[in-house]
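Please examine the sequence and the structure shown below. The questions that follow take up individual residues, and each answer ends on what was asked.

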Amino acid sequence: MWDVTIGRRVVDSGAFVSENIDLSGLTTLRVGGPARLLAECPSTESLVEVVRLLDRERIPTLILAGGSNLVVSDSGFDGVVVRVANTTVSLDADRVIAEAGAVWDEVVAQSVAAELGGLECLSGIPGSTGATPVQNVGAYGVEVGSRLRRVQLLDRRSGEVSWVDPSVLELGYRSSVLKHSADAVVLSVEFVVSADGTSAPLQYRELAAALGAEEGARLPSTQVREAVLELRTGKGMVLDPYDHDTWSAGSFFTNPVVSDEQLPQVLSVIGDLLGDVPVPQFSAAGGTKLSAGWLIERAGFSKGYPAESAPARLSTRHTLALTNRGSATTADVLSLAREVRDGVFSAFGVRLEPEPVTVGCTI
Ligand SMILES: Cc1cc2nc3c(=O)[nH]c(=O)nc-3n(C[C@H](O)[C@H](O)[C@H](O)COP(=O)(O)OP(=O)(O)OC[C@H]3O[C@@H](n4cnc5c(N)ncnc54)[C@H](O)[C@@H]3O)c2cc1C
């Protein structure tokens with residue numbers, strides 16, 4: 001039962017409250033219906049107090065930061081949206097500590113400007129610092145899990161706040177125990193960085209080639225950041241309000257990992273359909289990782305699918321991003337997602353799984 005005093009009590013906990021807000025304005029896909037209350041928490045203390053209060057009162061709560069990995073139903077969210085907005089960042093010679101609401105790319109930019117190395121390959125990823133361990137964000141050969149020293153959590157089951165070792169989070173490929181779970185809120189994150197200003201070893205061929213370097217080389221982190229931002233911009237993977245290719249949740253599907261038993265069958269189906277083409281594949285925990293974008297394109301969904309006039313389309317620069325062309329609803333995005341997922345399955349027998357978190361809807 002909704003307590004009518006809840007808005008006032010949330011304000012007393014240090015948050016700014018707005019009523020009847022439209023969630024499409026808080027997600028990068030710019031879709032999603034209304035929510036009754038938004039509680040914006042500008043400090044760690046207010047975030048902890050508000051979440052504890054809502055949990056005590058058993059009020060449905062959606063933790064939201066940058067909204068760049070969320071697909072919210074057109075009917076919205078009947079509860080309180082807690083916006084993570086604590087933003088303090090501190091840097092020293094071998095570490096960066098950032099509160100969860102700090103904009104991730106600003107944290108990377110600050111670390112690079114301070115001639116610290118290690119975070120540069122993760123430049124340009126939208127959203128907040130606190131969300132980076134949630135799906136173990138990764139790009140250009142680096143996952144954030146390799147840079148974490150410790151993570152400060154509010155355990156919502158006990159109400160306790162503590163710093164935990166990253167191993168507790170069971171980080172995997174675009175996954176952790178925090179994803180699809182309401183058990184904890186990330187309050188702050190501490191990252192390991194190197195004081196010599198050089199990047200992590202380049203592990204991604206496209207990035208190394210763009211820099212004219214060998215794989216494994218370490219370059220000044222500023223140089224690597226610039227190259228990453230340029231590559232990402234070319235794919236519509238850096239947010240730009242004027243560019244509909246970036247009105248997305250980034251990659252909509254994870255790269256599927258096919259087991260050793262299943263792989264020969266999948267490769268033979270691909271061979272029957274496409275002939276003797278090289279299939280991009282990488283060894284991964286649990287088998288072999290295939291490229292979701294490659295499979296989508298080979299299953300007949302080219303860039304910009306289905307048509308210029310469609311409200312939701314694949315990005316014109318990247319088949320893995322589903323985009324809102326300005327008037328799309330969540331239903332439009334989900335319908336395109338199902339069509340692509342089912343098309344890839346019927347062509348190759350490989351099931352794609354969505355990467356963003358869905359709220360009040362499924363694919
Ligand atoms: C153009 C574009 C490019 C992208 N590129 C990449 C990429 O290269 N690599 C990659 O991995 N991802 C990428 N993403 C996805 C997304 O940016 C990341 O997953 C990002 O970390 C999400 O942060 P956010 O603050 O926007 O999270 P939100 O979308 O606000 O939330 C996502 C999920 O995390 C939970 N959450 C958020 N904050 C907290 C917190 N403090 N504590 C507990 N739970 C929390 C939410 O409840 C929700 O379930 C991209 C997205 C876009 C739009």
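Q: Which residues does Leu322 touch, not counting residues up to four places away in sequence?
A: This is a predicted model, in which local features need pLDDT of at least 70, side-chain atom pairs count only at pLDDT 80 or more, and totals for chains, interfaces and linings use all residues. Residues are numbered from 1 along each chain as its sequence is written, and side-chain values use heavy atoms, with hydrogens and water left out. Contact means heavy atoms within 4.5 Å. Leu322 touches Leu29, Trp247, Ser248, Ala249, Gly250, Phe252, Phe253, Arg313, Leu314, Val333, Leu336 and Ala337.

Q: Is Leu322 buried or exposed?
A: Leu322 lies in strand S17, residues 322-324; helices (H or I, at least four residues) and strands (E, at least two) are DSSP runs, numbered from the N terminus. A residue is buried under 20% relative accessible area, exposed over 50% and partly exposed in between (1.4 Å probe, protein chains only). With a relative accessible area of 1%, Leu322 is buried.

Q: What kind of aromatic pair do Phe252 and Phe253 form?
A: Rings of Phe, Tyr and Trp (its six-membered ring) pair if their centres lie within 6.5 Å; planes under 30 degrees apart count as stacked, over 60 as edge-to-face and the rest as tilted. By this rule the count comes to four aromatic pairs. For Phe252 and Phe253 the values are 5.3 Å centre to centre and 70° between the planes, and the pair is edge-to-face.

Q: What is the distance between the ring centres of Phe301 and Tyr305?
A: The planes of Phe301 and Tyr305 stand at 90°, so this pair is edge-to-face. Phe301 is buried, with a relative accessible area of 7%. The ring centres of Phe301 and Tyr305 are apart by 5.0 Å.

Q: Which residue does a cis peptide bond join to Tyr305?
A: Most residues other than glycine have a negative phi, and most peptide bonds are trans. The cis bond at Tyr305 has an omega of about 5°.

Q: Over the ring of which residue does the charged end of Arg30 sit?
A: A charge sits over a ring if NZ of Lys or CZ of Arg is within 6 Å of the ring centre and within 35 degrees of the ring normal. Lys289 lies over the face of Tyr173, at 3.8 Å from the ring centre. For Arg30 the distance to the ring centre is 3.9 Å, and the ring belongs to Trp247.

Q: Why do the buried residues of H3 lie on the same side of H3?
A: The buried residues of H3 (residues 104-113) are Trp104, Val107, Val108, Ser111 and Val112. They are on the same side because the arc they cover, taken from the directions from the helix axis to the C-beta atoms, is only 130°.

Q: Which helix is included in what covers the buried residues of H3?
A: The covering elements include strand S6 (89-92), strand S7 (95-99) and strand S12 (184-192). Also included is helix H5 (221-234).

Q: How many residues surround the ligand?
A: A residue is near a molecule if one of its heavy atoms lies within 4 Å of it. The closest are Ile63, Ala65, Ser68, Asn69 and Ser128. The number of residues that surround the ligand is 32.

Q: How far is an oxygen atom of the ligand from a polar backbone atom of Ile63?
A: A polar contact is a pair of N or O atoms within 3.5 Å; within protein, one must be able to donate a hydrogen and the other to accept it, and residues adjacent in sequence count only if both atoms are side-chain atoms. A polar backbone atom of Gly67 is 2.9 Å from an oxygen atom of the ligand, and a polar side-chain atom of Arg174 lies 3.4 Å from an oxygen atom of the ligand. For Ile63 the distance is 2.6 Å.

Q: Is Gln135 buried or exposed?
A: Gln135 lies in the loop between H3 and strand S8 (138-139). Leaving aside neighbours within four places in sequence, Gln135 is in contact with Asn69, Arg174, Ser175, Lys179 and Glu355. At 8% relative accessibility, Gln135 is buried.
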